[in-house]
Amino acid sequence: MESNKLIAEFMGVPCDKDLYTPLCPYTGETLFIPSSQMKYDTSWDWLMPVVEKIESLGYWVNRNDGDITISNKSDMVVVTPMSSGGIDMMYKAVVEFIKTYNDEQ
């Protein structure tokens, strides 16, 4: 998935021509899997380190009234209306944030 590759790049995960990526960037394990099997979209263990990195950049990730918002001190960057809920909603917000963040860099 292109969105998973986008997240991997944001996390600084080394890829070899988009063929392989570390199994878990959070733990730094050295096992590798095909990039098509990255689990940012299906595993909280993969997605939460991304949320933590976003927050380390000075943004807040919040769930308000069923929406996910990602904002900084001056403005709101992303608002994702409640969709199917759960990880799907957070994943969409993270992807939209990274796209906006990359455009601003």
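Analyst: A helix here is a DSSP run of H or I with at least four residues, and helices are numbered from the N terminus. The model is predicted. Asparagine 4 is found in helix 1.

User: Is asparagine 4 buried or exposed?

Analyst: Buried means under 20% relative accessible area. Asparagine 4 has 2% relative accessibility, so it counts as buried. Helix 1 has these buried residues: Asn4, Leu6, Ile7, Ala8 and Phe10.

User: Which residues is asparagine 4 in contact with, leaving aside neighbours within four places in sequence?

Analyst: Look for heavy atoms within 4.5 Å. For asparagine 4 the contacts beyond those neighbours are Met38, Tyr40, Asp41 and Tyr91. With methionine 38, a polar atom of the asparagine 4 side chain lies 3.3 Å from the backbone oxygen.

User: How many aromatic pairs does the structure hold?

Analyst: Ring centres must lie within 6.5 Å to pair, and planes over 60 degrees apart count as edge-to-face. The structure holds six such aromatic pairs. Take phenylalanine 10 and tyrosine 101: their ring centres are 5.8 Å apart and their planes stand at 85°, so the pair is edge-to-face.

User: Where do phenylalanine 10 and tyrosine 101 lie?

Analyst: Phenylalanine 10 lies in helix 1 (residues 2-10), and tyrosine 101 lies in helix 3 (residues 86-104). The pair therefore ties together parts that are 91 residues apart in sequence. Phenylalanine 10 and tyrosine 101 are both buried.

User: Why is the pair of tyrosine 59 and tyrosine 101 edge-to-face?

Analyst: Read the plane angle. The planes of tyrosine 59 and tyrosine 101 are at 80°, with ring centres 6.4 Å apart, so this pair is edge-to-face. Tyrosine 59 sits in the loop between helix 2 (44-56) and strand 3 (60-64), 42 residues from tyrosine 101 in helix 3. Both tyrosine 59 and tyrosine 101 are buried.

User: Which residues do ring pairs link into a cluster?

Analyst: Phe10, Tyr59, Phe97 and Tyr101. The charged end of lysine 53 sits over the phenylalanine 10 ring, 4.7 Å from its centre.

User: Where does leucine 57 lie?

Analyst: In the loop between helix 2 and strand 3. Leucine 57 has a relative accessible area of 36%, so it is partly exposed. Not counting residues up to four places away in sequence, leucine 57 touches Phe10 and Tyr101.

Note on methods. Residues are numbered from 1 along each chain as its sequence is written. This is a predicted model: local features need pLDDT of at least 70, side-chain atom pairs count only at pLDDT 80 or more; totals for chains, interfaces and linings use all residues. Side-chain values use heavy atoms; hydrogens and water are left out. Rings of Phe, Tyr and Trp (its six-membered ring) pair if their centres lie within 6.5 Å; planes under 30 degrees apart count as stacked, over 60 as edge-to-face and the rest as tilted. Helices (H or I, at least four residues) and strands (E, at least two) are DSSP runs, numbered from the N terminus. Buried means under 20% relative accessible area, exposed over 50%, partly exposed in between (1.4 Å probe, protein chains only). A charge sits over a ring if NZ of Lys or CZ of Arg is within 6 Å of the ring centre and within 35 degrees of the ring normal. A polar contact is a pair of N or O atoms within 3.5 Å; within protein, one must be able to donate a hydrogen and the other to accept it, and residues adjacent in sequence count only if both atoms are side-chain atoms.
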